[in-house]
Amino acid sequence: MIEAKIRDLLAEIASAPIDVHFDDVRVRVRRRRIQNGTLSVLLSVSLIGAGVAGASMLGHSRRARPVSSGCDAPPTKIETRDSLQITDVDVAGGTVWAIGSMFKSPEVRPISSPSGVEIRRGPENEPKNILLMRADDGSWDQPPAPPQGNGTELHFDVIAANDIWVTGGTSNNSANVEPLVQHWNGSTWTRVEVPHGLGSYELRAVDGVESNDVWFVGATFDRRTVVMHWDGTAIRRADAPSPDSSYVTLERVLAIARDDVWAVGWGDRPIALHWDGGRWSETKIPSAQTDAGIQAPWKTTLEGIAAAPNGDLVAVGHRQTGPRTSDVAVMRYHNEKWSQVDAPTMDNGGQALLVDIAVTSDGTIWIASRTTENGIVAATLAKSNGSTWSIERIPSVQMLSLIASQGNQVFAFGEAYHGSPHAPQIDTDVIVRCGAS
Amino acid sequence: MEAAEGRVSANRVADLYAMHMPAALRLALILTGSREDAEDLAQEAFVRAAGRFMDLRTKEAFPAYLRRAVVNASRMRDRRRRVAQRHASALRAEAGVSWPQTGIDERDALSRALFTLPERQRAALALRFYCDLSEADTAEILGCRRGTVKSLISRGIAAMRTALGGEP
């Protein structure tokens, strides 16, 4: 019965009147080339700045291309036969790292089934679905990637070049969906056992203080928070508060010291949990009161956190401003108290889109997201010196969703596609570098 | 290191768009619960998939590839994002879904439950019960094993059942 009702519901949702237009579509196709008998694709970063419309930054270009004042797109060279999406970025030892998933072109043959096709999986040792990248003097090299975790969203922490943790993907050893955690020790990737008995759950972020002190956070499928700790021998569940809410998730973890770790997320209120070396406790976020008038739940979220050089913390999320509209919310942790601070107005068309935060060594706070201006969508970096925000729009890049700082620079990762919504051109992963060099 | 740009003929892409975009949009509606988001997502997926069209060994694969791109795009977008806020009232208002006069409460409860499911569970339900894909095809699109699909679906159904007050 319930299955029939679900079918009806899905059909009903999908039956909404739709209107599909198609104007002048131009699609840029990545050129394939044959090398050692393998079809490979040169993934190019197409960043079109003022006056260079149509230019394509190809992999062999070694010159950074300006994309707006104060920002450029460092040349990237990522060779893959598949389409890549970067899902996490980290800076360790002065090196920028990124991890992403590649989408395989499935091998498909037509059959007579309701879906019309059958998808055939390639051999298990077919191209890796995970790509680990390390910025190396203006280009990227590719250290060995974790072997497991097909096409799933990956998060990682680089403690050192020979100490990398990756979480993402799921396994189903049991009836439950459980996260896949893999570790790189400098020579091999090893799958590390995760605790069972929580039902299905996922680990959405990882950050380590040092090699025997690594924290993982996430959520169970029945919506409780999950905090786990690697002590050098095993990953064990930690006792952490799980606010009573209809939907709870921890999104990010920031491990500053053995006795100073933060996990942020959201439920029916923004959530910030703190580890003081002895226990996890929830810290009070004042913003919930400012949401008066907005229908609960889903008020304010926390989705990114970063430490400032002066010891303060900054966190970013979304603040619901109406039933269908939201804007960026920024919190600062100062003198052991969280307070909501002025946030840049990122009119992103009412949508709660990905947002991330970083602080450079000069104390400048950077927020990556996107804005809409007169219907034009552009990736946006908001920059604060502590009192005022300035907004840097990156033309022709749709959205920046991840940002990491390295000294006085930030590296933001996102996606671009060109043209109007009805005349799109191919998107690519883009990397934008901003700030004093 | 040779690299250059190629072009798929505009007519070809227009055909692909006209043929496959409606289905992509409908799947995206289920995944996002919002027309605006669905358009965005389907567009994003189409651009991604169209860019890969030339690489597909079998051109008939395009609908499957597009479907996969829609699911992947939705998974990426749902990251750190309030899946849960897309609930029944917003859905009705935006998508112009016409709701039967009777059973509104039940529909509401089901719809609300659907959009508070973890995103992977909702995608699994959509692929199995809306796209009518097999467990194997669903597993391929979600990048997991068949057993995981079973688990996602049974949990999704269980949550929906709970929303209806434990109906069988």
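How many aromatic pairs does the count come to over all chains? The count comes to 10, where rings of Phe, Tyr and Trp (its six-membered ring) pair if their centres lie within 6.5 Å. The structure on screen is a predicted model, in which local features need pLDDT of at least 70, side-chain atom pairs count only at pLDDT 80 or more, and totals for chains, interfaces and linings use all residues. Residues are numbered from 1 along each chain as its sequence is written, chains are lettered from A and ligands numbered from 1 in the order in which they are written, and side-chain values use heavy atoms, with hydrogens and water left out.

**Stop 1: aromatic pairs in chain A**

Select A:W215 and A:W275. Their rings form a tilted pair, 4.9 Å centre to centre with 55° between the planes; planes under 30 degrees apart count as stacked, over 60 as edge-to-face and the rest as tilted. The pair links distant parts of the chain, since A:W215 belongs to strand β18 and A:W275 to strand β23 (residues 270–275), 60 residues apart. Strands (E, at least two residues) and helices (H or I, at least four) are DSSP runs, numbered from the N terminus. A:W215 has a relative accessible area of 2% and is therefore buried; A:W275, at 15%, is buried too. Buried means under 20% relative accessible area, exposed over 50%, and partly exposed in between (1.4 Å probe, protein chains only).

Next, select A:W262 and A:Y333. This pair is edge-to-face, with 4.6 Å between centres and 65° between planes. A:W262 lies in strand β22 (residues 260–266) and A:Y333 in strand β27, 71 residues apart. Both A:W262 and A:Y333 are buried.

**Stop 2: a sheet in chain A**

Strands of a sheet pair through backbone hydrogen bonds, either parallel or antiparallel. Colour β17 to β20 of chain A: these 4 strands form an open, antiparallel sheet in the order β17-β18-β19-β20. Two strands pair if DSSP finds at least two bridges between them. The edge strands, each pairing on one side only, are β17 (201–210) and β20 (235–237). The twist averages 25° from one strand to the next, with axes as lines fitted to C-alpha atoms (for helices over the stretch in contact) and angles from 0 to 180 degrees between N-to-C directions. Between β18 (residues 213–220) and β19 (residues 225–230) of chain A there are 6 bridges. Look for A:G218, which stands opposite A:V226 in β19.

**Stop 3: nonpolar cores**

A nonpolar core is a set of buried Ala, Val, Leu, Ile, Met, Phe, Trp, Tyr and Cys residues joined through side-chain atoms within 4.5 Å. Which residues touch the most other members of the largest core? They are B:L114 and B:M160, in a core of 56 residues. The elements giving two or more residues to this core include α1 (2–14) of chain A and α8 (146–163) of chain B. α1 of chain B gives the most, with 10 residues. Another core lies apart, with 16 residues including A:A240 and A:L273.

**Stop 4: two positive phi angles**

Finish with A:E336, in the loop between β27 (326–334) and β28 (337–341) of chain A. Its phi is near 60°, a positive value in a residue other than glycine. A:E336 counts as exposed because its relative accessibility is 70%. In chain B, select B:D132, in the loop between α6 (119–130) and α7 (135–142). B:D132 also has a positive phi, of about 60°, although it is not a glycine. With a relative accessible area of 36%, B:D132 is partly exposed.
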